[in-house]
Amino acid sequence: MIAYPFDTPPDPGQAVTVAPGVLWMRLPLPMALDHVNVYALDDGDGWTLVDTGFDTPASREIWAALRAGPLGGRPVRRVIGTHHHPDHIGLAGWFMDRDGAGLWISRTAWLTARMLVLDRQDHAPPESLAFWRRAGMPDDLLERRATERPFNFADVVHPLPLGFTRLSDGQQVAFGNRRWRVAMGHGHAPCHATFWSLDDDLVIGGDQLLPSISPNLGVYPTEPDADPVGEWLESCVRMLALAETRHCVLPGHKLPFTGLPTRLHQLIGNHRNALDRMVAALRDGPRTAVGCFDILFRRPIGAGEFGLALVEAVAHVNHLRHRGRITMAGQQGDAVLWGA
């Protein structure tokens, strides 16, 4: 059974104590998922932060209130990035510059984040346009995407100074007066670090271990044949061997929760059921990846979530075709049709 020990999230600039020396805080996000959870762990002479939120004026203002209030003016000694996504790594470089904080993160996440910070684009590259056409993006939306400035990682991520401490799967690390086992997950992001306390019941889950929602599993033009769904399912099965009902998970979004074995079974079952629904629908007639939205998500997809829905639909198509459950069944203009 899944339960929520804390039913009210912290207000901006405030913190909730979720365990001795562990503070839960929130930063706003300008999207449908309107927040990211961040955590501060007491190291005596300072703090270890787990994730940071976007680098925006609003986030910096909230961090100023947190530093003066719940963090008691003590410095940030270390920032841990669970993975490379901008809502988690956005202000890591800022804390490194301001406090001289060290950065702990997986090598893949650091390389990816640093590359993306340096990759500034004024227009969508031709590879992205071809990828969207192949997936079945409608012409009017494609035309708009071709002319507007795309989101740049650097828009909300502070530059990352050189130097980091590498986190690896199976490694034991210490912070917040606890020893932690590092377990890497894949699918939502490559080499996503989760932390399993060896001294109490805490698990820091990032976006790998979420309650009530499933993280986005996306394929992008950088690796159009990737299979993040397969990587995600493998990670969930592997983490089942670590999960216990006693664990209290501190997730990257939503509320801290218990009942991790149940939640992992749910996450695995939800994606397997979605894959089966897609195969059944494609037996009735071929569809593009975008044409599978209604089968995969079972709700209307708005303009603001279309991009994330497209990359997730492609991810599920890729998983099915890599396993021979669907094949290319023709084209509709530049879009590929898939059938079972």
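**Strands and salt bridges**

Reply: Strand 10 (residues 192-197) and strand 11 (residues 202-206) pair in the antiparallel sense over two bridges. Strands are DSSP runs (E, at least two residues), as helices are (H or I, at least four), numbered from the N terminus, and two strands pair if DSSP finds at least two bridges between them. Heads-up: this is a predicted model, where local features need pLDDT of at least 70 and side-chain atom pairs pLDDT 80 or more, while totals for chains, interfaces and linings use all residues. Residues count from 1 along each chain as its sequence is written, and side-chain values use heavy atoms, without hydrogens and water.

Me: Which residue in strand 11 stands opposite Trp196?

Reply: Strands of a sheet pair through backbone hydrogen bonds, either parallel or antiparallel. Here strand 10 and strand 11 are antiparallel. The residue opposite Trp196 is Val203.

Me: What is the N to O distance in the salt bridge of Arg178 and Asp200?

Reply: Arg178 lies in strand 9 (residues 178-185) and Asp200 in the loop between strand 10 and strand 11, so the pair ties together parts 22 residues apart in sequence. A salt bridge is a side-chain nitrogen of Lys or Arg within 4 Å of a carboxyl oxygen of Asp or Glu. For this pair, the N to O distance is 2.6 Å.

Me: Is Arg178 buried or exposed?

Reply: Buried means under 20% relative accessible area, exposed over 50%, partly exposed in between (1.4 Å probe, protein chains only). Arg178 has a relative accessible area of 8%, so Arg178 is buried.
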